[in-house]
Amino acid sequence: MLLRIITLAFAAILLQASSGWTQPLRILFDQANPPFMYAADNKAVGIYPAIIAEAFTRMGQPVTLEALPWKRALISMDDGHAGVAGIYKTEERLHKYDYSDSLFEETLLVVTRAGSGLKYEGIESLRGKMLGISRGWTYGDEFEAARKAGVFQVEEADGDGQNLEKLRAQRIDVILCVREAAFSAMAGTGSRDKFTIQEKPFSVTPAFLAFSRQEHMKQTLAEFNAALRSMREDGTWDNIVTSILGK
């Protein structure tokens, strides 16, 4: 019996060593971006945590999922302490991070006050405006170039709900938020008629899982991508998204 126990323990050690995984991976999410990722009952919940949990379960890789303020999540990734899910690509970030395949394509909307008269037709139509965005977020290279050029000013808030309140109070002129998150936040305010969703979207942007390049996680990401593909093929990805969005 003792020999059998020793043999099984040795086999487990060999399996762990061959996989390269000696402890759970830490994956971080934004704590205030429903329905994609947010904190509830001290847990990370939403579309992205559900996708990540299922994919890593298929890989046989234990993970811990945490929801944090977005800036803190990015700092932890930069320090090599975690991966981050739900992140966009930018030219600058491509030099720092390794990315998975797309988790989901987010349609970023431009929201204004009802009756403001503002019609969004492109970046230039936001000239001189005060934009509300979520704290720590960037919305792509075109957005960053316009911000640096002073086309518009930016004010950050802790989530879309706070930005909608500031928009209604005329403290800002425009907010940028993902379509599903915008609808969720507006439903929470009970004042959908106070806002106008502009017909032209700001962008359609895929979101990813990423790790700092210094962590050398390309093999893990390749295995994650394979699990993600299997989820799309067998319908699990659709089931997760549909169940959370309530379609």
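The model is predicted, so local features were required to have pLDDT of at least 70 and side-chain atom pairs pLDDT 80 or more, whereas totals for chains, interfaces and linings use all residues. Residues are numbered from 1 along each chain as its sequence is written, and side-chain values use heavy atoms, with hydrogens and water left out. Helices (DSSP runs of H or I, at least four residues) and strands (runs of E, at least two residues) are numbered from the N terminus.

Pro34 and Pro35 are joined by a cis peptide bond, with omega about 0°. Pro35 lies in the loop between strand 2 (32–33) and strand 3 (37–40). The loop between strand 3 and strand 4 (43–45) contains Asp41, and Asn42 is found in the loop between strand 3 and strand 4 as well. Although it is not a glycine, Asp41 has a positive phi of about 55°; Asn42, also not a glycine, has a positive phi of about 60°. Relative accessible area was classed as buried under 20%, exposed over 50% and partly exposed in between (1.4 Å probe, protein chains only). Asp41 counts as exposed, at 72% relative accessibility, and Asn42 is likewise exposed, with a relative accessible area of 84%.

Strand 8 pairs with strand 13 (residues 203–212) in the antiparallel sense over five bridges, and Phe104 stands opposite Ala207 of strand 13. Antiparallel pairing over five bridges also links strand 8 to strand 11 (residues 174–178), where Val174 is the bridge partner of Thr112. With strand 12 (residues 195–197), strand 8 forms three antiparallel bridges; here Thr112 is partnered by Thr196.

In helix 6 (residues 160–168), the buried residues are Asp160, Asn163, Leu164, Lys166 and Leu167. Viewed down the helix axis, these residues fall within an arc of 160° and so line one face of helix 6, the arc being that of the directions from the helix axis to the C-beta atoms. Helix 6 is followed by Gln170, which has a positive phi near 65°.

The axes of helix 2 (residues 47–59) and helix 8 (residues 218–233) come within 9 Å and cross at roughly 105°. Axes are lines fitted to C-alpha atoms, for helices over the stretch in contact, and angles run from 0 to 180 degrees between N-to-C directions. Helix 2 and helix 8 are therefore roughly perpendicular to each other, given that angles under 35 degrees count as roughly parallel, over 145 as roughly antiparallel, 65 to 115 as roughly perpendicular and the rest as oblique. The contact (heavy atoms within 4.5 Å) includes Ile51, Ile52 and Phe56 of helix 2 and Phe224, Leu228 and Met231 of helix 8.

Methods:
Two strands pair if DSSP finds at least two bridges between them.
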